[in-house]
Amino acid sequence: MLPIRNYLHNLGENIKYILKNNMFDLDYQKMQEVYEIFEWNKKRENGSFDNVIKVLSPIDSIDYIKKSNKSFIRFGDGEIKLINGKDLSFQKYETKLSSILKEVISNYQQNVLIGINYMVFHDMDIIDDRTKAINFAHSQKIGMSYLKLCNKQNIYIDAAFGLLPAQSSLDNYDNFFEKLKQLFFNKDIILFIGENVKQYKHNIFEYAKSFTVEYGPTTNAFSQYDEILERVKKYAKSPMGGGQQIFCFILGPTGKALVYELSKLNYLAYDIGHMWKAYYFYKENLDYTKDNFFKPD
C-alpha cells in the first residue's frame, strides 16, 4: 500500500491540476484522462513499473555505458513525435527518419544502448516545482508511448542522465560531472554539432586525448544526412576506433540516426544532446528554469 504521504501528494497534485486547468465541467473523457494521470503517478511512486520495463537510474546509466563500451541513443518526447508523424520546431517530419527512430527503439539492440526517461517510470527527488509538475502531468502520456514502442528485452539507460542537475538534487555535483567526463578520458573525440550551438568555455571533453569539431545544420539536419555520414566516415579508423575513438553528436534526431548507422558498422558513437550545456550551466551557476536551459539552441 502506498505510504500516506505519497497518497496525499498525489491527491494534492491532481487537485492543483484540476484547479489550474479549470476542469470542473469536464466531460467523462477528460475526467478519465485525469484519473489515468493520477493512477500512472501512483504506480510510478510505488515502484509498480519495476517489473514492466527495465530503466537504469541516471548514475547507473553512466556506469553501464562505461562498462559496456557501447554506443547510446536517447529518446524523449521529440523523437516520439517524429515517430508519430509530427514536426518539431527544428526538424520537420521525414518518413525515413521516423522509420529509423522506430526501428531503433522497437528492436532488441546488441551494439547500441537506448535511453528513455527514467523519471517517467520512477520516483525521483526532483529539484523544483516546475519540473515536478511537468513530470506529473506528462509522464503518463510519454510513458504509454514508451511501453507501446519499447522492446522489453532491452535494458534501457536514462535518456536524461547527462541532465541530472537540471532535474534532481545531488549531494555533490562535482563528483557527478567528474563521472561524466571520465566517459571521454584519453579518447579521440570527433564532435558533430549544430552550426548555431555554442561551444561552451567549460569543456565536458577536457580529459579527451584529442578533440575535433565539425558543424552541421541546426534545423532540418536530416536533409543532409547522407552528406554528414560521408564526412563522419572520413574520420573513421578501424571499427571501434581501436578502442580510442568516439563520435559524439549534438545534432538532434539526425545525430541519433547517425549513431545508429555507426553502431551497425561497429564504431562507437554517443548521442550526447544537452550534456555539455548542462555542465556549462552548473559551472556558471545558472538557473536551469529561469535561464531557459531547455530552449532550443
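**Exercise 1. List the contacts of Tyr 270, leaving aside neighbours within four places in sequence.**

Solution. Contact means heavy atoms within 4.5 Å. Tyr 270 then touches Ile 65, Lys 70, Ser 71, Phe 72, Leu 183, Phe 184, Ile 246, Phe 247, Cys 248, Phe 249 and Val 259.

The model is predicted: local features need pLDDT of at least 70, side-chain atom pairs count only at pLDDT 80 or more, and totals for chains, interfaces and linings use all residues. Residues are numbered from 1 along each chain as its sequence is written, and side-chain values use heavy atoms, without hydrogens and water.

**Exercise 2. Find the ring cluster that includes Tyr 270.**

Solution. Start with the pairing rule. Rings of Phe, Tyr and Trp (its six-membered ring) pair if their centres lie within 6.5 Å; planes under 30 degrees apart are stacked, over 60 edge-to-face, the rest tilted. The whole structure has 21 aromatic pairs. One of them joins Phe 72 and Phe 161, edge-to-face, at 5.3 Å centre to centre and 75° between the planes. Phe 72 sits in strand 1 (residues 71-74), and Phe 161 in the loop between strand 3 (157-158) and helix 8 (164-167), 89 residues apart. Helices (H or I, at least four residues) and strands (E, at least two) are DSSP runs, numbered from the N terminus. Finally, follow the ring pairs: they link Phe 72, Phe 161, Phe 184, Phe 205, Phe 211, Tyr 270 and Trp 276.

**Exercise 3. Classify Phe 72 and Phe 161 as buried or exposed.**

Solution. Buried means under 20% relative accessible area, exposed over 50%, partly exposed in between (1.4 Å probe, protein chains only). Both Phe 72 and Phe 161 are buried.

**Exercise 4. Describe the largest nonpolar core.**

Solution. Such a core is a set of buried Ala, Val, Leu, Ile, Met, Phe, Trp, Tyr and Cys residues joined through side-chain atoms within 4.5 Å. The largest has 83 residues. Those with the most contacts inside it are Phe 75, Ile 116, Tyr 146, Phe 184, Phe 205, Tyr 270 and Ile 272. Helix 12 (residues 275-283) gives the most to this core, with 6 residues.

**Exercise 5. Locate Tyr 280 and list its contacts, leaving aside neighbours within four places in sequence.**

Solution. Tyr 280 is in helix 12. Its contacts are Tyr 200, Lys 201, His 202 and Leu 286. Now check Asn 203, 77 residues from Tyr 280 along the chain: the two C-alpha atoms are 7.8 Å apart.
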